Amino acid sequence: MTQINVRVDGASYTDDVEPRTLLVHYLREQLGKVGTVVGCDTSNCGACTVHLDGQAVKSCTVFAVQADGCQVTTIEGVASGEGESATLHPVQRAFHEMHGLQCGFCTPGMIMASIDLLKENPDPSDEEVREGIEGNLCRCTGYQNIVRAVRQAAAEMSGKAADDPQAEPAAVDTAAADHVTAQA
Amino acid sequence: MSTPTRTPTGAPEHLTGPGSGGVGDDAQRPDGVLKVRGEFAYGSDLWMADMLWGVTLRSPHPYARIRSVDTSAALATPGVSAVLTSDDVPGEKVYGLELADQPVLALDVVRYQGEPVALVAADHPETARLAAGRIHVDYDVLEPVTDARTALGHPTWNQVHDSTAEVTELSRESAHLHPEGNLVRHLKVRTGDPAPTADVVVVGEYEVGMQDQAFLGPEAGLAVPAEDGGVELHVATQWLHVDQKQICAALALPPEQVRLTLAGVGGAFGGREDLSMHVHACLLALRTGRPVKMSYNREESFFGHVHRHPATMRYEHGATRDGELVYVKAAIYFDGGAYASSTPAVVGNGGTMGIGPYVVPNVHVDCYGAYTNNPPCGAMRGFGSVQTAFAYESQMDALAAELGMDPVELRCRNAMEEGSATPTGQVIDSPAPVAELLRRLEAMPLPAASGDGEVDLRDMPGGVSNTTHGEGVRRGVGYAVAYKNVAFSEGYDDHSTARVRLEVVGGEPTATVHTAAAEVGQGLVTVEQQIARTELGVERVVVHPKDTSVGSAGSTSASRQTYVTGGAVKAACEKVRAQVVARAERLVGRTVPDLRLAGGAVVSDSEDITVPLADLLGDDVLEETLEWRHRPTEAIDPETGQGFAHVQYAFSAHRAVVDVDTELGLVKVVEMACTQDVGKAINPQAVVGQIQGGTAQGLGLAVMEEILIKDGKVRNPSFTDYLIPTILDMPPMRIEVLEYADPHAPYGLRGVGEAPNISSGPAVLAAIRAATGLPLTRVPVRPEHITGT
């Protein structure tokens, strides 16, 4: 066992871990931070993405001992405030409002990857969003609304309205034809 | 007994969410905030302080006789509480969705690689895995049967496709894998002239690889022994009551003692319709008297659920010189793998809808499902229609080429419409805008040509691998259209149960909707709220956790839940509403014909009446529970396939635009466009989400997704080797959602989820063919199919 000191979502922990323990297993099984999920075990899906000292990492490819002395932020530490009154991070809010999730299993990782992307590129194009979070798989959404959600969050965070039509909600356009109700 | 928790918050939860919105609105998901906060409890997140971990020992062989199993070393491992084999299954030792043929734990024979043989419960998952490795199983390895046609003794097409010589003799099939032989089902469709002739004939043979649902959250659940000798199972699944029925049989317990609650589901797509760890966890919990959690990793998930049936198909299309379809003959083989699962129903869909949404007077289809020693195959989104759509749409393109006709023109010329008869003699009695779906796609603008101006590598096939700057790249455009039955067919008693309660909570009128319908990500919980808001005129609607304390909702499959459970919720709300209106009339002392519920009150438009529900109900609780059924379907004739088999059809069409590097065989899908008729979009945003997600899965099957099997063994059970579309593989989409109401369905709605998964892949395949000029008869298309190397 090796002792590590980490700050996770603002709280300090001192724990003994096996040198081979993965960060994601430490988070889930020792700290109970099960908001960070495991989708593939092989670093393909990105569902387990967290921030290690502010940078997005797939926590299944990081040993817990590598987080010694580091700040870890998980999906559970992204909103500000506690409980019911907590305020969602703009990226969280956008994924919810833009229908950027269905089953939601990829969502924690998608949000963590997207926050990191927006830190590096506060105003990404659709293509830059796609490039930026290509390491995260989603099986439900076909990614269209994830792109919209990240654009929407970028617009909100920079204080301007989303200008790209792709970042608008799916139009409900009954004028297009009698029977066409939604276009995207 | 304590209840399972998801640390740090409890689960499952009553969902309310901050949302609003009735039928037709873009209401927001009540579970959305939990999901974006990482607080939604998936099956894998459940935890109890004193729980054990269960693991499964699986067969490494696709076909073997078990001589003996020695569990002594495993049992002696410190930390191990139980090691179980088939001897420890107290009730029925085999289970199955349609046929009980699959052992809970292997009996004397294993029939596929990954078949569960033994179980271990221990205080730590690593201990359990270590102990499982110490179970000694003595196998007598047998030669597996790995091809459906070989299994059935139909090695050549001519033998099966001589339409004048009916193939009923199966004497040449391989060694029987099951006592009744290797044929699971043979469906025949016969209509019109048995020996038709036509001016133009095209023949094609097609193959579809085995696709995985690849839901992102692997199988998981927690079984908790109960004080009454029963068990409570929290599990990620698609149909709680069909699970319960099978678990009860295996455990020899009555339904009252096997109580299921839906844990958070990380996607399903058909892959959770069969049992996985359900019985196993219950067995271990009952044996040890402690809660047992089982949570598969990705590799085990590939062995832990059924897949989409691979198919081999031979089609013959005959048409007049001016493009009118005269006949279609088809032989369709589905490889069901080692156990039946839902193969009979998949054969039902593949056979009855196997020629596509076209009017054809003379049809001769034989559709077979076979047992082999490949992994069991069963439900996956599109269910028998995905495979045949690749074949019939490829045939339509081939026929168009032969006739010198535009492929869309040929399709529209033969398209079904309302009033058309299907090859099974069913008259389409609601809108079927097949031609309009195609024409609308055609009218959409095409994306800009690639290579105009400076080349952006990211726009090229091969991307930043720098494999081409545009040389050798050809663009292609392809169209496909699909139809799919909605809900359960062929006479099945398809129904759902809803319990709706109306009361005043904290001064606010509150409706609670309780169904057992599994929310797997599609957004049914939102739809349930929207319907209750619309029907009861209240804002606050609580979705009760999904469990077996209310009657069955049927499966979350077959695009059916919004229709069937939505119909049940609507009907239960109407009964509650009738109670409310009766009370209001008693209060005002007379009958008021136009009383309705709106804004938390009973109101009349013709008279100045507003009775707040808070006043009308006081402390009373109004509750109604009912079973709701769509109009019945019929079993089809076993010799001709004729009958009213399907209650409703969903229609969608896709246009795909691809760029193909013809030198390296790399494909980039540039744009996908989709038109779909949904009758009524209960939640337009969610409908669009279904279309987008279904499109991606269809694209995946067309160009990358395949479980590779060699000699019955899976070669790629990981996301490193089984590829699903990334955000860079999935291009932007254009979508038009049409609403032509189905007069037979609640709100006129049409099931949405599967159709876009069916038309998407064939459109991609057509586009690749258009770009390359190659026939391309197998999906997924691999680079070597394009380069010929």
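Guide: The bounds of a domain are taken from an automatic or database domain assignment. The model shown above is predicted.

Visitor: Which domains does the domain assignment of chain A give?

Guide: That assignment gives two stretches: domain 1 of chain A covers 2-76, and domain 2 of chain A covers 86-166. Their centres, taken over C-alpha atoms, are separated by 22 Å.

Visitor: What makes residues of domain 1 of chain A and domain 2 of chain A count as being in contact, and how many residues does the contact take from each?

Guide: Two residues are in contact if their C-beta atoms, placed from the backbone, lie within 7 Å. The contact takes 15 residues from domain 1 of chain A and 11 residues from domain 2 of chain A. On the side of domain 1, two elements give two or more residues, strand 3 (49-52) and strand 4 (55-58) of chain A. The largest share, 3 residues, is that of strand 3 of chain A. By class, this side has 7 nonpolar, 8 polar and no charged residues.

Visitor: Why is helix 9 of chain B called mostly covered?

Guide: A residue is buried if 20 or more other C-beta atoms lie within 10 Å of its own. In helix 9 (residues 343-352) of chain B, 9 of the 10 residues are buried, therefore the helix is described as mostly covered. Among the buried residues are Val346(B), Val347(B) and Asn349(B).

Visitor: What covers the buried residues of helix 9 of chain B?

Guide: The cover includes strand 11 (183-191), strand 19 (325-335), strand 20 (362-370) and helix 10 (385-403) of chain B. Strand 22 of chain B is also included.

Visitor: How do you know which element of chain B gives the most to the side that touches chain A?

Guide: In total, 55 residues of chain B are in contact with 52 residues of chain A. Helix 16 of chain B gives the most to the side of chain B that touches chain A, with 10 residues. That side divides into 26 nonpolar, 20 polar and 9 charged residues.

Key
Residues numbered from 1 in each chain as written. Chains lettered and ligands numbered in written order. Predicted model: local features only at pLDDT ≥ 70, side-chain atom pairs only at ≥ 80, totals over all residues. Helix = DSSP H or I, 4+ residues; strand = E, 2+ residues; numbered from the N terminus. Nonpolar A, V, L, I, M, F, W, Y, C, P; charged D, E, K, R; others polar. Buried ≥ 20, exposed ≤ 12 C-beta atoms within 10 Å, placed from the backbone.
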